[in-house]
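Good morning, and thank you for coming. I would ask you to look at the following structure with me for a few minutes.

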Amino acid sequence: MPLIAAATGRVPARRPVWFMRQAGRSLPEYRAIRADRGMLESCFDPELVCEITMQPVRRHDTDAAILFSDIVVPLKAAGVDLDIVPGTGPVIASPIRTAADVAALPRLEPEAVGAVTAAIGLLLEELPPTVSLIGFAGAPFTLASYLIEGGPSRTYEHTKAMMLAEPDLWHALMGRLADLTIAFLRAQIAAGVDAVQLFDSWAGTLSESAYEAFVAPHSTRVMAEIEQFGVPRIHFGVGTGELLGAMTRVGTDVIGVDWRTPLDVAAERVGRSVAIQGNLDPTVLLAGPEAVRRELTRIIAEGDRAVAAGTPGHIVNLGHGVLPNTDADAITHAVELIHTL
Ligand code: CP3
């Protein structure tokens with residue numbers, strides 16, 4: 001598997017590429033199959049999860065499939081009252097703000113995500129042997145931000161206020177979320193995923209010192225608990241240029257880099273100790289084939305430079321998820337180009 005080779009310091013048979021949010025609204029076949037079904041109910045339907053996960057692999061010839069799910073799926077499975085609202089994202093019925101709220105947060109029993117592990121079983125039958133299946137979970141901080149704010153936020157004001165004003169409560173909540181994330185990742189690994197990605201999408205809102213004090217201990221526990229299973233771990237956040245070192249030190253095999261930091265600079269920042277993943281700006285896919293070729297040529301050169309200097313490998317990806325109005329053919333052409341450049 002080219003993706004596993006690049007993640008573990010071996011030479012891949014071809015340059016591996018997959019795209020965050022490759023399964024989803026950019027694909028007409030996704031929009032058709034989701035037309036009369038809610039997002040969350042779809043995530044708990046094994047046949048549908050398998051089909052949607054396969055769609056981008058069939059269409060684009062990517063080197064990995066990412067399990068079609070959402071970071072709030074384990075919270076929903078555990079019994080948290082929430083929904084995924086189209087055009088908004090996850091919305092929590094009763095935001096978590098007090099010690100009683102934290103104490104009432106339900107635990108995740110592995111059986112509650114049986115639909116997800118069943119979907120993984122179906123995918124292992126269908127995926128070509130060279131295509132890696134990536135499982136994932138939200139990191140404790142990003143999950144906490146949704147639970148505390150009650151939905152998406154630009155300022156994370158309730159989250160940061162709890163962190164700074166009530167550190168004991170904060171660490172209690174983060175401990176519970178780390179347990180949930182560990183349970184969800186363990187279930188996916190036991191079911192057979194080839195790699196896992198921990199999404200700390202919104203960690204970039206924090207200073208490095210806040211990240212180290214309030215987030216790193218919990219993400220470190222997650223990464224340490226799953227290390228024993230030997231599947232490569234990928235750690236990703238948006239706008240985390242200043243946190244790349246800290247996010248690598250929590251323990252990972254691959255660090256995700258967004259478009260703000262050149263890959264060769266990122267590789268040096270993390271001491272060449274881990275493989276790198278990224279980092280095309282998703283909007284480039286809206287800018288036509290010339291721009292895509294130009295940007296991918298630069299990114300691949302930066303990745304190659306990093307690998308020549310001792311970085312274990314480069315997995316090509318976006319710096320964040322595919323935008324919904326991306327033309328599906330632009331993605332197919334980008335994958336073709338990455339495999340031939
Ligand atoms: O292809 C893939 O990457 C796999 C599927 C996937 C989804 N969500 C499907 C989805 C993955 C990996 C996620 C993770 C996720 N969900 C993250 C971390 C990744 C990131 O983007 O930073 C976060 C922060 C969420 C929370 C979330 N869920 C958001 C912000 C949204 C978008 C809201 C919107 O409508 O614009 C969702 C909903 C969601 N998750 C959709 C999909 C395909 C859209 C819902 C739909 O199709 O109706």
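Histidine 218 touches Pro140, His171, Met174, Gly175 and Ala178, leaving aside residues up to four places away in sequence; contact here means heavy atoms within 4.5 Å. This is a predicted model, in which local features need pLDDT of at least 70 and side-chain atom pairs count only at pLDDT 80 or more, while totals for chains, interfaces and linings use all residues. Residues are numbered from 1 along each chain as its sequence is written, and side-chain values use heavy atoms, with hydrogens and water left out.

Histidine 218 belongs to helix H11, residues 208–227. Helices (H or I, at least four residues) and strands (E, at least two) are DSSP runs, numbered from the N terminus. Is histidine 218 buried or exposed? Its relative accessible area is 9%, so histidine 218 is buried; buried means under 20% relative accessible area, exposed over 50%, and partly exposed in between, with a 1.4 Å probe and protein chains only.

Let us turn to the pockets. On a 1 Å grid over the protein atoms alone, a pocket is an open set of points with protein on both sides within 12 Å along at least five of seven lines, and lining residues have an atom within 4 Å of a point. A volume is the space filled by probe spheres set on the points, which are joined across faces, edges and corners.

The largest pocket holds about 1300 Å³ of space. Its lining has 44 residues, and Arg21, Arg25, Asp70, Gly89 and Pro90 lie nearest its centre. Helix H2 (28–34), E2, E3 and helix H8 (140–149) each give two or more residues to this lining.

E2 (residues 82–85) and E3 (residues 89–92) are strands that pair in the antiparallel sense over 4 bridges; strands pair if DSSP finds at least two bridges between them. Leucine 82 has isoleucine 92 in E3 as its bridge partner. Between the strands of this hairpin there are 3 residues, and glycine 87 takes a positive phi near 80 degrees.

The second largest pocket has a volume of about 220 Å³. H15 supplies the largest share of its lining, 5 residues.

Finally, how many disulfides does a search of the whole structure find? The search finds 0, a disulfide being a pair of cysteine sulfur atoms within 2.5 Å. For cysteine 43, the nearest cysteine sulfur is that of cysteine 50, 14 Å away. Cysteine 43 counts as buried because its relative accessibility is 1%, and cysteine 50 is buried at 3%.

Notes:
On a 1 Å grid over the protein atoms alone, a cavity is a set of points where a 1.4 Å probe fits but cannot get out, and a pocket is an open set with protein on both sides within 12 Å along at least five of seven lines; lining residues have an atom within 4 Å of a point.
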